[in-house]
Amino acid sequence: MTEPAVERLTPDELRTLFLFESLNDDQLALLAENGRVERRPGGSIVYHEGEEATCFFVLLSGEVELSRRVHGVDVQINRTSQRGVYGGATQAYMESPTPHTYMYTMRAITDVEFFTLTAETFGTIVREWFPMAMHLLEGVFYGMRTSQTRVSERERLVALGSLSAGLTHELNNPAAAAVRATSVLRDRVAGMRRKLAMIADGRLDGTRLRHLVELQEEAVKRAASAPELTALETSDAEAAVEDWLDDHDIVGGWDMAPALVAGGIDVEWLDRVAGAVGEENLDAAVRWLTYTIDTELLMREIDDSVTRISSLVAAAKQYSQLDRAPYQTVDVHDLLVATLTMLQGKIPKGITKVKEFDRSLPRIPAYAAELNQVWTNLIDNAIAAMGETGTLTIRTGREDDRCLFVEIGDTGPGIPEEIRPRIFEPFFTTKPVGEGTGLGLDISYRIVVNRHHGSIKVDSRPGDTRFRVILPIDGPPRPDNGDPAEG
Ligand SMILES: Nc1ncnc2c1ncn2[C@@H]1O[C@H](COP(=O)(O)OP(=O)(O)OP(=O)(O)O)[C@@H](O)[C@H]1O
Ligand SMILES: [Mg+2]
């Protein structure tokens, strides 16, 4: 049996391919000797993405398609019949400890004809003939890769930095309120101790004292359930209480009336106090009750402030996931709420926040902190698009039986048709220099698609832009260390 004759190209034929047009005669002769012509029928696969890259292809005739598999779907990258285009083992010139693999799948659309070189020959030729260019290319390749990771790390730090600045601001208000309320409270408690001495000096008999204590309990309850009054209702009620106090010769009614009203006390109730303790003890009793209400309201204020502080701290923990396993089973709503809390200070007052959560969604295994980064980037873009006013909608739901979705919607001007294909590119931004890095969507895409095997869909028209993140309910494949932690 004889091998089919190997078909070669002549140096002159090779010179007509743009890749080789500037080579000298010796170089062309060497290529002609080492390369061969190969043919494939229409519809066949020329090479598969991920397989070891053993061959370098230059298209001579016919049409080919390049595609890449993204989350189980073949995405067409390029389709061409341009003579001279090349593909396959294009990186064979780079030194690498592991074999290079094909980055795409090439399919022949029609019958095709290639000039081919083995990866080994191609690599050696490039290294020997273009040593300087080779170094430059290698530099560009590795440089891009490291600068890209550096930039994303930096972006994450910047994001965390601006969030912690926002958080500090958010924490400041309740903390200051709690400090102020505590110092007023100390004052009131001291006042109560003094009043207690007066009440206890024997002027009030046992029955009346018991009545006073009962009224005090009632005052505490009233303070806890005092209705919210409008400004007008408040000033009317205060005027009435003040008049009552004046009529009963209690000095400083203007000072006590606001606290009594805030504590839900009205004139009828004061009449009951007068009936219970007697006119001669009324002054001391009313002051005592005012202190009671006042301390109750202050304690409520402290309670509210401290609760707000601890919920902010909890949100910061949930957001950063610093004390948690990176891969764990989470409720996406917990992540969304934490992210919103963290971003609160950055969202202008004129933007209405709407949450449409489908609470029946199952918990999913995920890289929680990274997903928070995604929500942050998308919300950030939505806010930037809307400016001072608009509606930010966060919606969750079932995509299909395999996936859930989280949608961030805004009422901004939308994404112009002509830039739509570019928004996920790294460094693509329409923001002024220094404001946007253009990495927000690139990072989000990588987290959702590469890390979670999900997808991001964009639907945009003026006044209604939606970024929909679709995540598989079964989660991404487990990292090597096993099961996701419960979190
Ligand atoms: N909700 C949106 N409405 C309108 N345009 C948007 C929206 N989201 C993104 N874009 C467009 O996509 C571009 C890229 O967004 P991306 O988040 O990647 O970068 P950036 O926001 O410009 O900068 P960075 O996020 O790094 O600060 C934006 O500059 C903007 O033009
Ligand atoms: Mg952005």
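Me: In which strand is Thr105 placed?
Reply: This is a predicted model, where local features need pLDDT of at least 70, side-chain atom pairs count only at pLDDT 80 or more, and totals for chains, interfaces and linings use all residues. Residues are numbered from 1 along each chain as its sequence is written, chains are lettered from A and ligands numbered from 1 in the order in which they are written, and side-chain values use heavy atoms, with hydrogens and water left out. Strands here are DSSP runs (E, at least two residues), as helices are (H or I, at least four), numbered from the N terminus. Residues 105-108 form one such strand, and Thr105 belongs to strand E7.

Me: Is Thr105 buried or exposed?
Reply: Buried means under 20% relative accessible area, exposed over 50%, and partly exposed in between (1.4 Å probe, protein chains only). Thr105 has 14% relative accessibility, so the residue counts as buried.

Me: Which backbone nitrogen does the side chain of Thr105 reach?
Reply: Contact means heavy atoms within 4.5 Å. Leaving aside neighbours within four places in sequence, Thr105 has contacts that include Ile45, Tyr47, His48 and Leu66. At 3.0 Å, the side chain of Thr105 reaches the backbone nitrogen of Glu49.

Me: Which residues in the largest nonpolar core touch the most other members?
Reply: A nonpolar core is a set of buried Ala, Val, Leu, Ile, Met, Phe, Trp, Tyr and Cys residues joined through side-chain atoms within 4.5 Å. In soluble globular proteins, nonpolar side chains tend to be buried together. Here the largest such core has 40 residues, and those touching the most other members are Trp375, Ile379 and Leu392.

Me: Which element gives the most to this core?
Reply: Several elements each supply at least two residues, among them helix H10 (332-343), strand E12 (390-398) and strand E13 (403-410). With 9 residues, the top contributor is H11.

Me: Is Thr339 buried or exposed?
Reply: Thr339 lies in helix H10. Leaving out residues up to four places away in sequence, Thr339 touches Tyr319, Asn372, Trp375, Thr376 and Ile379. A polar atom of the Thr339 side chain lies 2.8 Å from the backbone oxygen of Leu335. Relative accessibility is 0%, so Thr339 counts as buried.

Me: Which residues come nearest to ligand 1?
Reply: A residue is near a molecule if one of its heavy atoms lies within 4 Å of it. There are 19 residues around ligand 1, and the nearest are Asn381, Thr429, Thr430, Lys431 and Thr437.

Me: How much of the accessible area of ligand 1 does the protein cover?
Reply: Asp410 places a polar side-chain atom 2.8 Å from a nitrogen atom of ligand 1. An N or O atom in the side chain of Lys431 is 2.5 Å from an oxygen atom of ligand 1. Accessible areas come from the Shrake-Rupley method with a 1.4 Å probe; for residues, only the protein chains shown count as cover. On its own, ligand 1 has 590 Å² of accessible area, and the protein covers 92%.

Definitions and conventions
Polar contact = N/O pair within 3.5 Å; in protein donor to acceptor, adjacent residues only side chain to side chain.
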